[in-house]
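Me: I would like to learn how to read the features of a model one at a time. Please give the general idea first and then the case at hand.

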Amino acid sequence: LRSKNMLKNHALAMSIADVGWRTFLGMLAYKAELYHRQFLTVDPKNTTQACHECGFVMGTAGTEKLTLADREWTCPKCHAHHDRDHNAAQNILTKGIIKLA
Ligand SMILES: [Zn+2]
């Protein structure tokens, strides 16, 4: 997630500004340590817009970018149907695994 982008969304800005991104990341790192899990950050670029099945990026090849209102979408290239957040989570996991390799 890009906190700068999220702060532009008034519905999300309040809760993010309240805690502070650094504090939030610190909490995650602490919890990960506590439960013996690995914590790392990844570049959020295209984690929402890319199809985790085939890698197609929305907003390219004449397609419209997904907006916050698009909760589900179908990839125009491979026709996989996605829940927006689940697809992003898959992309983030993949980036994390690549970073660890
Ligand atoms: Zn696809």
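Me: What share of the residues in the protein chain is buried?

Reply: Buried means under 20% relative accessible area, exposed means over 50%, and partly exposed is in between, with a 1.4 Å probe and protein chains only. In this predicted model, buried residues make up 23% of the 101 residues in the protein chain. The model is a prediction in which local features need pLDDT of at least 70 and side-chain atom pairs count only at pLDDT 80 or more, while totals for chains, interfaces and linings use all residues. Residues are numbered from 1 along each chain as its sequence is written, and side-chain values use heavy atoms, with hydrogens and water left out.

Me: Which elements does the protein chain have, from the N terminus on?

Reply: Helices (H or I, at least four residues) and strands (E, at least two residues) are DSSP runs, numbered from the N terminus. This protein chain has four helices and two strands, in the order α-α-α-β-β-α.

Me: How do I read the contacts in the protein chain by separation?

Reply: A contact means heavy atoms within 4.5 Å. Of the contacts in the protein chain with a separation of 6 or more, 42% are between residues 24 or more positions apart.

Me: Which protein donors does the zinc ion have?

Reply: Donors are N, O and S atoms within 2.8 Å of the metal (3.2 Å for Na, K and Ca); water is not among the atoms, so sites may look incomplete. The zinc ion has the SG atoms of C51, C54, C75 and C78 as its protein donors, lying 2.3 Å from it. Their spacing along the chain is C-x2-C-x20-C-x2-C. C54 is in the loop between α3 (21-34) and β1 (72-74), and C78 is in the loop between β1 and β2 (81-83), so this pair ties together parts that are 24 residues apart in sequence.

Me: Why is the arrangement around the zinc ion called tetrahedral?

Reply: Four donors count as tetrahedral if all angles lie between 85 and 135 degrees; four count as square planar and six as octahedral if opposite donors are over 155 degrees apart and all others between 65 and 115; anything else is irregular. The four donor atoms here subtend angles of 105 to 113 degrees, which makes the arrangement tetrahedral.

Me: Are C75 and C78 buried or partly exposed?

Reply: C75 has 0% relative accessibility, so it counts as buried. C78, at 31%, counts as partly exposed, and C54 is also partly exposed at 31%.

Me: How many disulfides does a search of the whole structure find?

Reply: A disulfide is a pair of cysteine sulfur atoms within 2.5 Å. The search finds zero disulfides.

Me: Which residues form the largest nonpolar core?

Reply: A nonpolar core is a set of buried Ala, Val, Leu, Ile, Met, Phe, Trp, Tyr and Cys residues joined through side-chain atoms within 4.5 Å. The largest one has six residues: C51, F56, M58, L66, W73 and C75. Not counting residues up to four places away in sequence, C51 touches F56, W73, C75, C78, H82, N87 and N91.

Me: What should I make of the phi of N46 and of A61?

Reply: Most residues other than glycine have a negative phi. N46 has a positive phi of about 65 degrees although it is not a glycine, and A61 has a positive phi of about 55 degrees, again without being a glycine. N46 is in the loop between α3 and β1, and A61 is in the loop between α3 and β1. N46 is partly exposed, with a relative accessible area of 30%, whereas A61 counts as exposed at 69%.

Me: Where is A89, and what separates its C-alpha atom from that of T47?

Reply: A89 is in helix α4 (residues 84-100).
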